[in-house]
Amino acid sequence: MIAARRPVRRTAPLGRPARLTLVAGSAALGVMLTACSGAAASGSESDKGGAAASSEARISVNLRGGQATPGTPVKVTLDTGKLKTVAVSADGGEALTGRISADGRTWTSDRVAAPGTTYGIEAKNTEGGSGKAGFTTAAADKVNKLTLAPGKNTTVGIAQPLSVVFDNPVKDRAAVEKALKVSTSNNTEGSWGWLQDYSGKDRVDWRPKEYWKSGTKVTLDADLNGIDSGRSGGWFVRDYRTTFTIGAEQVVKVDLDRHRLALKRDGKTVMDVPMSAGTPGGEKASWRGTAVLMSKEGTINMRSETVGLGDAYDKMVDSSMRLTWSGMYAHAAPWNAAYFGVANHSSGCVGMSDADAGALYGQVRVGDPFEITGADAKGTVAEGNGYGAWNVSWADWRAKSAL
């Protein structure tokens, strides 16, 4: 019998391939070991003075050192034998999960390595051996951030899209879109569409094929940490998540020709009031198409110069409900009472009496659609001017996806 020597562990340098040697039926990853074979029967190579049997394998990691390139999956490879488990921890970040290949030789992370993060790797093989390695990725030279709508844990109307506005340009739109995962409680069909926000920034919205069904629960997981948005855009260095619920089925109908506004809930009319919209024939005209209620702003100061209309007005306005970024609102306009139900004679907004505007304000919610019809309009609400995605056909909207 030849007694196996006790293995002597040597720690592998950070990021360099670690080695494995089988020792009397066991293995150790991340260290270099040598040992004689186990017991040999009479007449074996040992008895005949031959070399003692030994085996040696190597484990390696595709990323190494202190300035490893982020944005790629972590891959751990075993030269011989089979991996049992691989755990990749992240200092100050989220651990990486992954999968072992069918032959047991490699493990690949599900997500990419994030910038400026130190990762620790502990692998175990099927023989009971284990070992450790690690690396640190280079820090991001530029960081991209985003703004999400709607807000977390809110209840919104049936026309509210998921909207993501980026601080910096997004060149690799496909990579970013793949990281944006939408889940709904009723498998709602929808699509992402890329557009330019009214601010000029890159933006991507997810809208259903048709209006949401009341009660639908929606979650967005934006698993962007480690994604490079492309030249001049920078890296994403965190994930984002938002959840919201769809409220009652409400639609506001604005008829520019009849000068009336109606609120319908579950198909039934609950309000039908006179109003006066934008003066036709110029920049003061209202937009037509579907506008989505963006915010309920209460009493605000409206000044004509902010929308390019000179010094036409400077007023404190009650019950203000924003419909577009360009300044179209529905609101109280008691100074325009002579035109309610008679003619469109405003500077672009939909004006009502104090009582009617207050009643509407109290019942609508952000995300409710305002469907505006009639000839007295200056055009159709654009996709980026608020939430105008509903004015694009479903086929054309899907074509705006990077995927």
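Author: Let us begin with a definition: two strands pair if DSSP finds at least two bridges between them. Helices (H or I, at least four residues) and strands (E, at least two) are DSSP runs, numbered from the N terminus. This is a predicted model, in which local features need pLDDT of at least 70 and side-chain atom pairs count only at pLDDT 80 or more, while totals for chains, interfaces and linings use all residues. Residues are numbered from 1 along each chain as its sequence is written, and side-chain values use heavy atoms, with hydrogens and water left out.

Reader: Which residue is the bridge partner of Val-254 in β25?

Author: The partner of Val-254 is Ile-372.

Reader: In what order do the 6 strands of the open sheet come?

Author: The order is β19-β18-β17-β25-β20-β26, and the pairing is mixed. β19 (268-274) and β26 (377-380) stand at the edges with a single partner strand each, so one side of each has no neighbour in the sheet. From one strand to the next, the twist averages 25°. For such angles, axes are lines fitted to C-alpha atoms, for helices over the stretch in contact, and angles run from 0 to 180 degrees between N-to-C directions.

Reader: Which helix packs on the sheet?

Author: Helix α2, residues 354-363, does so, touching β17, β18 (260-265), β19 and β25. The direction of α2 makes about 150° with that of β19. Contact here means heavy atoms within 4.5 Å.

Reader: Let us move to β6. Which strand pairs with β6 over 3 bridges?

Author: That is β5, residues 98-100, and the sense is antiparallel. Ile-100 stands opposite Trp-107 of β6. The hairpin of β5 and β6 has 5 residues between the strands, and Gly-104 takes a positive phi near 75° there. β6, residues 106-112, also pairs with β3, residues 73-78, in the antiparallel sense over 4 bridges. In that pairing, Trp-107 is the bridge partner of Val-76.

Reader: What is Val-176 in contact with, leaving aside its neighbours within four places in sequence?

Author: Val-176 is in contact with Phe-166, Val-170, Trp-194, Leu-224, Ile-227 and Phe-236.

Reader: Why is β13 described as largely enclosed by the rest of the structure?

Author: β13 is so described because 5 of its 7 residues are buried. β13 runs antiparallel to β14, and 7 bridges join the two. Gly-190 stands opposite Pro-208 in β14. These strands form a hairpin with 5 residues between them, and Gly-200 in the turn has a positive phi of about 95°.

Reader: On to charges: how many salt bridges does the count come to?

Author: The count comes to 13 salt bridges, each being a side-chain nitrogen of Lys or Arg within 4 Å of a carboxyl oxygen of Asp or Glu. In one of them, Arg-173 is joined to Asp-202, with the closest N and O atoms 3.5 Å apart. This pair links distant parts of the chain, 29 residues apart: Arg-173 is in helix α1 (residues 173-178) and Asp-202 in strand β14.

Reader: Is Asp-202 buried or exposed?

Author: Asp-202 is buried, at 16% relative accessible area, whereas Arg-173 is partly exposed, at 30%.

Reader: Which salt bridge does Arg-260 form?

Author: Arg-260 forms one with Asp-272, and their closest N and O atoms are 2.9 Å apart. Arg-260 lies in β18 and Asp-272 in β19, so the pair ties together parts that are 12 residues apart in sequence. Elsewhere, Glu-94, Arg-111 and Asp-239 are linked in a network of salt bridges.

Key:
Buried means under 20% relative accessible area, exposed over 50%, partly exposed in between (1.4 Å probe, protein chains only).
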